[in-house]
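Please look at the structure shown here together with its sequence, and then work through the notes that follow. They are grouped by topic for a reader who is new to structural models.

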Amino acid sequence: MTYADENQYLPPGPPGWPPARTEPWSYDAYARQTPSHDADLAALRSAYRVLRRVSTLTVLGSFVAYVALSCCAPGLMGARVAGELSLGMVLGVVQLVVTFAAVFWYGRSARRSVDPLARVVRDRAVPAGRNAGAVR
Amino acid sequence: MNEFGSGTQATVLLLFTTLVTVTLLMCVMAGPDRDDLENFYTGYLKLTPFRNGLAIAGDYISAATVLSTTGIVALTGYDGYVLAVSTALSLVLLMFLLAEPLRNAGRFTMGDVLARTMPGRAVRVAACVVTLSATLPFLVVQLSGAGSLLTFILDLPHVTGARTVCIVIVGTLMIIYAALGGMRGTALIQMIKIVILLGTSTAVGALVLNRFDWSPGAMLRAAQHGSGAGSAFLRQGLELGTSTSERLDFIGLQITVVLGVACLPHITMRLYSAQDVPAVRRSMSWAVGTVTTFCLLVIVMGTGAAALVGSRSIAEADPQGRTSVLMLSQLLGGAPGSMATTLVYSAVAGMVFITLLSSVAGMTLAAASSLAHDLFAHAMRRGRAQPRTEMTVAVWTSVAVGAVAIGLSILVQNWNVGVLTTLAFCMGASAVAPALTYSLFWRGFTRTGLLATLYGGAACVLLLLVFSKAVSGTPAAVFPNADFDLFPMQSTGLVSVPFGYLAGWLGSRLDHRRRAADSREHRRLYEESEARLLAAAE
């Protein structure tokens, strides 16, 4: 038998990430859908979380590193790499160009990891749901 | 200054009239039915992902992005490049982090997203207040800029009267677009705008590179020379300075832009009108592609302006460099008075004009929707308003928001109100972004936490900004002669973003302790709606 509470304890993420939820207080179990529905939702939740964290941290991390380097190491970023082009300019333009690839990668990963799980959750919810068919 | 004959002015005027007529016609024809709310707020979910993506990009690239960012690139070089990168990455961040759950959680406005787990009037009112305080300053700064911009383009005398007339005309058009067109009408205008914008700026970028035989090295050499700053043009520091605190300020500004710009309500509002999650993903892919391409073009155009026009002339015409694109276009066609010159200049003028019109219309619509949907229909009528009544209210709030914005813009037109752009970004990063991320991803988030984030973040931004260097103490400030700059920075993000997140966390902890039943109820609502949030399952 699975209780709603088990929802809190997700499959472990990659090492080094903070634990998902650490509220010390517990709460009652509520009437919910079937146990397997909960498992599906948990799988979808963790798939989304991995995708979201990897993509967001990559974008934010690379940008913060770029800005911090520009400010703290102007000599390095001002070094000429080709003709008048400095390293900082090249990195800036490269970030913009890489964006296209990142968006493509995100769409592909989302189609592979998240969409099938979302479809399962949606299909299970439809028989129980009131307005099947309508998306919202 | 503008040294063209009356032929160019006539062409530009003709172009403006055509643009206004065509867009007005399309807007009215695409407008919603009288009593269909879904149609007014989302446009019936009928847009294909490609078109919706163009509309998102159109809303995202405001007149401030086109004019100010190009100007900053032209005047400060490297700092401007960083700003262009952060502008593009902000939308990427929205796509990766918020877009999909936002689309599933929201219906019409930001208030719908926030009130989904904690219903109540206080939440709706707070959502409306923050929406207004983020969109109205942005609206005012663009409208008040419209006055000096149009007098520059049309070569009218630079007096207050002429500028006021321009502001009133642009403002009236903006009200008509927003009130009659709704989301569908403004989406159409945004699409037309983004096509014109990308087409024209690609042509300008190509003409610039052609001047330098397609050699970036030659262009950069000329830009360093034209800027008068030498190799400093290609290093960080021309915009805000190179001391430690000024560099910290620069980092703070860029992080605020990355976190805040894409969270602004007029952009997230477009996401709710996507059909499903794959559609919102494809829409955002198109939007990010368009915006990134445009940001690359901004870099080329700004550098070209520094190289060909020269920083001194740009700063003489406008200290913030907002006329640099127009001045660049005057030089690209060849001999003054020739056919090519007229053509290039008219195209760029038309691009600026339609960008200005569409971005102010989008912001008016977002503010008016929040007033009508959050404040009137949910806070005042507790969700029992008739759709027909709400529609009528939405139309009239568009008129009211527009009228207030016109009045404020006329009042502040002689001041340097660039700080209002900073205010909008900081509101987005310090109040909207924390509220949305907590509400979507943290099930322990409670009502007190939400109100603390929204009001606390907004108040922190306002307070710090009033005492910042952007308002007093520097020559470029709003009050250059006054001296109450206690907060030694131009933007407040470094303090106010952590403050917004901290306020939300502390408020929620307080609720867990003091009102355990309430916070359990919020958690239950979050978990009930989680299938909808993640999978769009009802």
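In this predicted model, chain A averages a pLDDT of 74, and 66% of its residues score at least 70. The points below begin with confidence in chain A and then turn to parts of chain B.

**Confidence along chain A**

- Among the elements of chain A, the highest mean pLDDT, 90, belongs to helix H1 (residues 35-72), while strand E1 (residues 80-82) has the lowest, 81.
- Over residues 1-32 of chain A, pLDDT stays under 50, and the model has 45 contacts beyond four places in sequence for this stretch.
- Residues 129-136 of chain A also have a pLDDT that stays under 50, and here the model has 16 contacts beyond four places in sequence.

**An enclosed helix in chain B**

- Helix H3 of chain B covers residues 49-60, which is 12 residues, and it reaches 16 Å from its first C-alpha to its last, close to the 16 Å expected at 1.5 Å a residue.
- Because 10 of the 12 residues of H3(B) are buried, this helix is largely enclosed by the rest of the structure.
- The buried residues of H3(B) are Pro49(B), Asn52(B), Gly53(B), Leu54(B), Ala55(B), Ile56(B), Ala57(B), Gly58(B), Asp59(B) and Tyr60(B).
- What covers these buried residues includes several other helices of chain B, namely H4 (63-76), H5 (78-105), H8 (160-211), H11 (265-271), H12 (277-308) and H15 (339-380).

**Two residues with positive phi in a loop of chain B**

- Most residues other than glycine have a negative phi.
- Asp213(B), a residue other than glycine, has a positive phi near 55°, and its place is in the loop between H8 and helix H9 (216-227) of chain B.
- Trp214(B) is not a glycine either, yet its phi is positive at about 60°, and this residue is also placed in the loop between H8 and H9 of chain B.
- With a relative accessible area of 65%, Asp213(B) is exposed, and Trp214(B) counts as exposed at 53% relative accessibility.

**A nonpolar surface patch on chain B**

- Leu463(B), Val466(B), Phe467(B) and Leu486(B) form a nonpolar patch on the surface, and together they have about 390 Å² of accessible area.

Definitions and conventions. Residues numbered from 1 in each chain as written. Chains lettered and ligands numbered in written order. Predicted model: local features only at pLDDT ≥ 70, side-chain atom pairs only at ≥ 80, totals over all residues. Heavy atoms only, no water. Patch = residues over 30% accessible without salt bridge, like charges linked within 9 Å, V, L, I, M, F, W, Y side chains within 5 Å. Areas by Shrake-Rupley, 256 points an atom, 1.4 Å probe, with all protein chains shown as cover. Salt bridge = Lys/Arg side-chain N within 4 Å of Asp/Glu carboxyl O. Helix = DSSP H or I, 4+ residues; strand = E, 2+ residues; numbered from the N terminus. Expected span 1.5 Å × (residues − 1). Buried < 20%, exposed > 50% of the residue type's maximum accessible area, 1.4 Å probe, protein only. Contact = heavy atoms within 4.5 Å. pLDDT = per-residue confidence, 0-100.
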